[in-house]
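Hi,

Here is the structure I promised to pass on.

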Amino acid sequence: MWLFALFIAVPLIEIALFIQVGGAIGLWWTLGIVVLTAIVGTQLMRAQGALAMSQLRDSFGQLNDPTEPLAHGAMILFSGALLLTPGFFTDFVGFALLVPGVRSAVFNWARSRVKVQTFSMGGVAGEEMHRQPRPDEDVIDGDFTDVAPEKRPNHRSVEGPSGWTKH
């Protein structure tokens, strides 16, 4: 139900802000601000996104928990969508999510409300992840016979040249 309320409330807030701002500064200035915030927001989102990707790579490289860099990346992506959406309220929320301190506060709030049961890297949880392979697991026993193909010079058949080649 709260999602339905959000879908109703956000457009109403945007319409009210457009009316107020447009009445105060005029139509063309209002449209110019909306376009400018989309352009500036896209540039800021790209810079913050590159930083978040490097933090995610570092956490994978050091085998640390990647939850926080992933959450920051998701919030940056969401902020980009908000900044491309025309409106002052969505721009405010989008710019706020580009601030690392705000993202950390949102992440800490979400982490306090979500309980993670297990976390593993490499796709195997528990004892299987730490188990050393036995020496015979990678060895495959077998016999082979080297069979050389029959070599025929110039690929001639038994009857002679085929007529398609100049041999």
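How many nonpolar, polar and charged residues does the lining of the second largest pocket have? By class, that lining has eight nonpolar, one polar and no charged residues (Ala, Val, Leu, Ile, Met, Phe, Trp, Tyr, Cys and Pro count as nonpolar, Asp, Glu, Lys and Arg as charged, and the others, Gly among them, as polar).

Before the rest, some housekeeping. This is a predicted model, where local features need pLDDT of at least 70 and side-chain atom pairs count only at pLDDT 80 or more, while totals for chains, interfaces and linings use all residues. Residues are numbered from 1 along each chain as its sequence is written, and side-chain values use heavy atoms, with hydrogens and water left out.

**Pockets**

A pocket here is an open set of points on a 1 Å grid over the protein atoms alone, where a 1.4 Å probe fits, with protein on both sides within 12 Å along at least five of seven lines; lining residues have an atom within 4 Å of a point. Points are joined across faces, edges and corners, and a volume is the space filled by probe spheres set on them. Helices are DSSP runs (H or I, at least four residues), numbered from the N terminus.

Back to the second largest pocket: it holds about 210 Å³ of space. Its lining is L6, F7, V10, P11, F78, L82, F89, T90 and V93.

The largest pocket has about 320 Å³ of space. Of the 13 residues lining the largest pocket, T67, E68, A71, F107 and R111 are the closest to its centre. Both α3 (67–84) and α5 (100–113) give at least two residues to this lining, with α3 providing the largest share, five residues. By class, the lining of the largest pocket splits into nine nonpolar, one polar and three charged.

Axes are lines fitted to C-alpha atoms, for helices over the stretch in contact, and angles run from 0 to 180 degrees between N-to-C directions. Contact means heavy atoms within 4.5 Å.

- α3 and α4 pack at about 155°, with axes 8 Å apart. They are therefore roughly antiparallel to each other (angles over 145 degrees count as such). On the α3 side the contact uses M75, F78, S79, L82 and L83, and on the α4 side T90, D91, V93, G94, F95 and L97. These contact residues divide into seven nonpolar, three polar and one charged.
- α2 (residues 27–61) and α3 pack at about 170°, with axes 9 Å apart, and are therefore also roughly antiparallel to each other. Among the residues that meet are G41, M45 and A52 in α2 and G73, I76 and G80 in α3. The contact of α2 with α3 has nine nonpolar, 10 polar and no charged residues.
- The axes of α3 and α5 come within 10 Å and cross at roughly 115°. Here T67, E68, A71, H72, M75 and I76 of α3 meet P100, R103, S104, V106 and F107 of α5. That contact comprises six nonpolar, three polar and two charged residues.

Cheers

Methods
Angles under 35 degrees count as roughly parallel, over 145 as roughly antiparallel, 65 to 115 as roughly perpendicular and the rest as oblique.
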